Amino acid sequence: MKTYKYPSPKEWTEITERPHLDTARLNKTVNDILTDIKSRGDEAVKEYEEKFDNAKLQHLAVSQEEIDEAVRSTPKELYDAIMLAHGNISRFHASQHIETKKIDTTPGVTCWQKIVPIEKVGLYVPGGTAPLFSTVLMLATPAKIAGCKDIILCSPPGADGKINPAILTAARIAGVSKIYKAGGVQAIGAMAYGTESIPKVYKIFGPGNQYVMAAKQLVSLHDVSIDMPAGPSEVCVIADDSSNAAFVAADLLSQAEHGIDSQVLLITTSEHLAKDVISQIDIQLKALPRHGIAAQALGNSKIVILKSKDEAISLSNLYAPEHLIIATDDYDELAEKVVNAGSVFLGKYACESAGDYASGTNHTLPTHGYATAYSGVNLDSFNRKITFQHLTPEGIRNIGHAVEVMAENEQLSAHKNAMTLRMSEIKH
Ligand SMILES: NC(=O)c1ccc[n+]([C@@H]2O[C@H](COP(=O)([O-])OP(=O)(O)OC[C@H]3O[C@@H](n4cnc5c(N)ncnc54)[C@H](O)[C@@H]3O)[C@@H](O)[C@H]2O)c1
Ligand SMILES: N[C@H](CO)Cc1c[nH]c[nH+]1
Ligand SMILES: [Zn+2]
């Protein structure tokens, strides 16, 4: 990990940069696959599955028998853990329901919103280097609570042509309607355009690697809506002398192990703590089965020593991390100052793993600095709010003239006329 001590303003910018593939080349690769999926449908999806996942597929749809078998084969301990997580995720997302109300903006003009679930949603569950069945719960649970009718899911199969059983089990528990064996760009293209087997959806949700994130961004230009750019995982930890170095190291490694392009950032006011964290990382890294991946991600990662907590929060807000852990005793005070972050974890017991799996918050979150403008997935992500209005003659009397004047000044006479006709009618 590169260490910055009291960085210059130029170095602050450098610290906030994420590792990424060459954008032009990435977009070209992704665009070529998308174009192929659009024109050749299932046949192209199957070819890319063979190319990228070494899976020779007869059918893309997962059968009910395959799901039954997956549920049967899921060990009880794992099944119970998924159920516990599902319960907490359900409670947290159900609590996000909001009541809308009708209001008279002025007498005779009544306006309201109706919350309507998106009918057809497509969920992407990563499976390239780890079968992220927790992501099924994070996406399908709020989709179901919102009332989405068709909830389809795509995830890459293994070389044996099967999707990991825990993904299928979580999908059954969370109420997914249909599951397809497709990963990466080909899955995003299939859900965006529709193929013979995979239906076109109105909105695509879910995280993934840089190819998946680029594919979502490209299809969202013209064809389909997306939740947000949610790419390689990241965490920023703010720590000081009150923090537990072993905990901090474990939290940094927990995100470094996601992928070689993950990034972790330690911001601290304590050089002593920084040294202890480095030693702890050395010890803990060796014991990780994915130490090769985590070690590469640490190569993209940074430790920053700053003079004050205010500076630490400013840097974190500039970085806009997907996850922020405030591992100091004065976390409450610092939390008040957070303005850019996907999800925040407070105090030494709030490890990110809690939110990744089971506390109830959503783990599908904006990366690459997009937390400056996007929220993570939540109940509202699966809804639209349709506005309604009703006007009485009194309402026409109250706003009619203003509408006429504004329309006239925008030089839109037909707009003005639509109001003028009503104004004349109510005079008679
Ligand atoms: N931001 C979030 O909310 C969040 C949540 C969970 C996971 N993640 C991230 O999701 C990612 C999962 O990545 P993954 O790779 O394990 O699984 P993945 O399912 O995202 O990607 C696997 C697919 O990538 C495609 N692919 C791989 N190399 C390619 C290439 N050279 N050209 C075209 N396509 C290619 C293949 O089709 C493959 O099926 C990780 O980066 C992880 O950090 C993010
Ligand atoms: N940390 C990931 C989001 O960046 C979510 C996840 C799933 N499983 C483990 N972690
Ligand atoms: Zn994680």
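Helix α3 (residues 64-73) packs against α6 at an angle of about 100°, and the two axes lie 8 Å apart. This is a predicted model. Angles of 65 to 115 degrees count as roughly perpendicular, and α3 and α6 are therefore roughly perpendicular to each other. On the α3 side, look for Glu66, Ile67, Ala70, Val71 and Ser73. They meet Pro165, Leu168, Thr169 and Arg172 in α6. By class, this contact of α3 with α6 has five nonpolar, two polar and two charged residues.

Stay with α6. Helix α6 (residues 165-174) also packs with helix α5 (residues 133-146). Here the angle is about 15°, and the axes are 9 Å apart. Angles under 35 degrees count as roughly parallel. So α5 and α6 are roughly parallel to each other. The crossing of α5 past α6 is right-handed. From α5, the contact uses Phe133, Val136, Leu137, Ala140, Thr141 and Lys144. From α6, it uses Ala166, Ile167, Ala170, Ala171 and Ala174. What classes do these residues fall into? The contact of α5 with α6 has nine nonpolar residues, one polar and one charged.

Now step back to the whole protein. It is divided into domain 1 (2-19 + 232-360), domain 2 (23-110 + 117-228) and domain 3 (392-427). How far apart do the C-alpha centres of domain 1 and domain 3 lie? The distance between these two centres is 58 Å.

Next, find ligand 1. It is surrounded by 31 residues. The closest are Gly128, Gly183, Gly184, Pro207 and Gly208. Three helices, α2 (23-53), α7 (184-193) and α8 (210-222), each supply at least two residues of this shell. Which element gives the largest share? That is α2, with three residues. By class, the shell around ligand 1 holds 12 nonpolar, 17 polar and two charged residues. Where does ligand 1 sit relative to the domains? Domain 1 and domain 2 both give residues to its shell, so ligand 1 lies between them.

Ligand 2 comes next. Its surrounding residues are Leu132, Ser134, Thr135, Ser233, Gln255, Glu322, Asp356 and His363. One of these shell residues is nonpolar, five are polar and two are charged. Domain 1 and domain 2 supply this shell too, with at least three residues from each.

Last, turn to another helix pair. Helix α15 (residues 393-409) and helix α16 (residues 413-427) have axes that come within 9 Å and cross at roughly 150°. Angles over 145 degrees count as roughly antiparallel, which makes α15 roughly antiparallel to α16. Is the crossing left-handed or right-handed? The passage of α15 across α16 is left-handed. On α15, the contact residues are Pro393, Ile396, Gly400, Val403, Glu404, Ala407 and Glu408. On α16, they are His415, Lys416, Met419, Thr420, Arg422, Met423 and Ile426. Together, the residues of this contact divide into seven nonpolar, three polar and four charged.

Conventions. Residues are numbered from 1 along each chain as its sequence is written. Chains are lettered from A and ligands numbered from 1 in the order in which they are written. This is a predicted model: local features need pLDDT of at least 70, side-chain atom pairs count only at pLDDT 80 or more; totals for chains, interfaces and linings use all residues. Axes are lines fitted to C-alpha atoms, for helices over the stretch in contact, and angles run from 0 to 180 degrees between N-to-C directions. Helices (H or I, at least four residues) and strands (E, at least two) are DSSP runs, numbered from the N terminus. A crossing is left-handed if the near helix is turned anticlockwise from the far one by less than a right angle, and right-handed if clockwise. Two residues are in contact if their C-beta atoms, placed from the backbone, lie within 7 Å. Ala, Val, Leu, Ile, Met, Phe, Trp, Tyr, Cys and Pro count as nonpolar, Asp, Glu, Lys and Arg as charged, and the others, Gly among them, as polar. A residue is near a molecule or strand if its C-beta atom, placed from the backbone, lies within 6 Å of it. Domain bounds come from an automatic or database domain assignment.
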